[in-house]
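Subject: Structure handover

Hello,

My notes on it come after.

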Amino acid sequence: MSIRVGIVGISGFGGGEAMRLIASHPSFELVYAAGEGSAGSRLVDRFPGVPAKLAELVIEKWDPETLPQLDVLFASLPTGASGGALARVPKDVKIVDIGGDHRYVEGWAYGLADVWPDEIEGRTRIANPGCFPAATLNALAPLLVDRLIEPGNIVIDVKTGISGAGRGGDSKFGYAESNENLVPYGLLQHVHMPEIARTIERLSEGSAAGLVFTPHLVPMTRGILATIYCRGRATTSQCLDSARRFYAGRAFVRVTDKPPQTKWATGSNLAFVSYAADPERNLVIAMGVVDNLGKGAAGQAVQNANLICGLPETTGLDGAPIWP
């Protein structure tokens, strides 16, 4: 079965990673690529290592009015750039929006694929979670559902590789500025805060008041580690058991006894979660690791596309992480 696929925003990190995964997908055929600055170039000019079957595909200027016949469109555009444009895509084209404009927007399913796969199957409009929510919410979900932690006053401390900030053009992400450096950013108002809070409330049926979320840019290319401080009387064993029950039969979430590391997930769609708890201190620490371009972006987008196309959700995603 050949499913005709397009990618808009292919020149960015998320779009490029989607291209890499789709290139080896047994059911997806990439027939359309669009971008702004790269329009007019061949894929091989932009990605010299692209498979030969895609090398001559020309990157077009993004215009939703002139799309070829497609089954699925992946949109990897900056926040604020996809809302109006994707509304003009024909209704019979399924969309997975890797960007941030449609999370918790009416008519769009929130694509937290390992938590709510049944809500994604058969839908035509999927809003992919952000990279930080992908790391954070997969770790929190079992504890919130089983009422092992309080939904309020959660403190999330996240470290991300530089590719999580996107390609952009700002020199502050250059080697000289980023190497040997550690930078907090988006303090108290990061764009992922509302999405995380809304999902905590959905999972817990409680209030996420008092949520604190602070990301830090670290000098590595890709990977996210979320360390999350919660209030609860559960033991470490209870937290691990809860997660193993919650994710039983789920292909991409690994529950580990020891704290996860970012390299465990590099180049994959895997999410690693672990826990440490001290009931006497009313403290639970949840930890989540993903590759920000994998489970945090393109990997989960392909997983969501598999679900909406009626394919096994692991199709094209069962490769092992890159090590070392």
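This is a predicted model: local features need pLDDT of at least 70, side-chain atom pairs count only at pLDDT 80 or more; totals for chains, interfaces and linings use all residues.

Residues are numbered from 1 along each chain as its sequence is written, and side-chain values use heavy atoms, with hydrogens and water left out.

Cores. A nonpolar core is a set of buried Ala, Val, Leu, Ile, Met, Phe, Trp, Tyr and Cys residues joined through side-chain atoms within 4.5 Å; buried means under 20% relative accessible area, exposed over 50%, and partly exposed in between (1.4 Å probe, protein chains only). The largest core has 43 residues, of which L140, I154, I200, I228 and Y275 touch the most other members. At least two residues each come from several elements, including α4 (131–145), β8, α6 (193–204) and β13 (271–278). Helices (H or I, at least four residues) and strands (E, at least two) are DSSP runs, numbered from the N terminus. Helix α4 gives the largest share, 9 residues. A second, separate core has 42 residues, among them A23, V96, A265 and L311.

Y275 has contacts (heavy atoms within 4.5 Å) beyond four places in sequence with residues including N138, P142, L143, C239, L240 and I285.

Helix α1. Because 9 of the 11 residues of α1 (residues 13–23) are buried, this helix is largely enclosed by the rest of the structure. G14, L21 and A23 are among the buried ones. The buried residues pack against β1 (3–8), β2 (28–35), α2 (43–46), β4 (72–75) and α8 (294–308).

Buried strand residues. I126 lies in strand β7 (residues 125–127) and is buried, at 0% relative accessible area. Leaving out residues up to four places away in sequence, I126 touches, among others, V96, W108, I120 and I308. H216, in strand β10 (residues 212–217), counts as buried because its relative accessibility is 12%.

Surface. V155, in strand β8 (residues 155–160), is partly exposed, with a relative accessible area of 33%. Together with V212 and Y229, V155 forms a nonpolar surface patch of about 210 Å² accessible area. Accessible areas come from the Shrake-Rupley method with a 1.4 Å probe, and for residues only the protein chains shown count as cover.

Regards

Technical notes: Patches are made of residues with over 30% relative accessible area and no salt bridge: like charges are joined within 9 Å, nonpolar side chains (Val, Leu, Ile, Met, Phe, Trp, Tyr) within 5 Å. A salt bridge is a side-chain nitrogen of Lys or Arg within 4 Å of a carboxyl oxygen of Asp or Glu.
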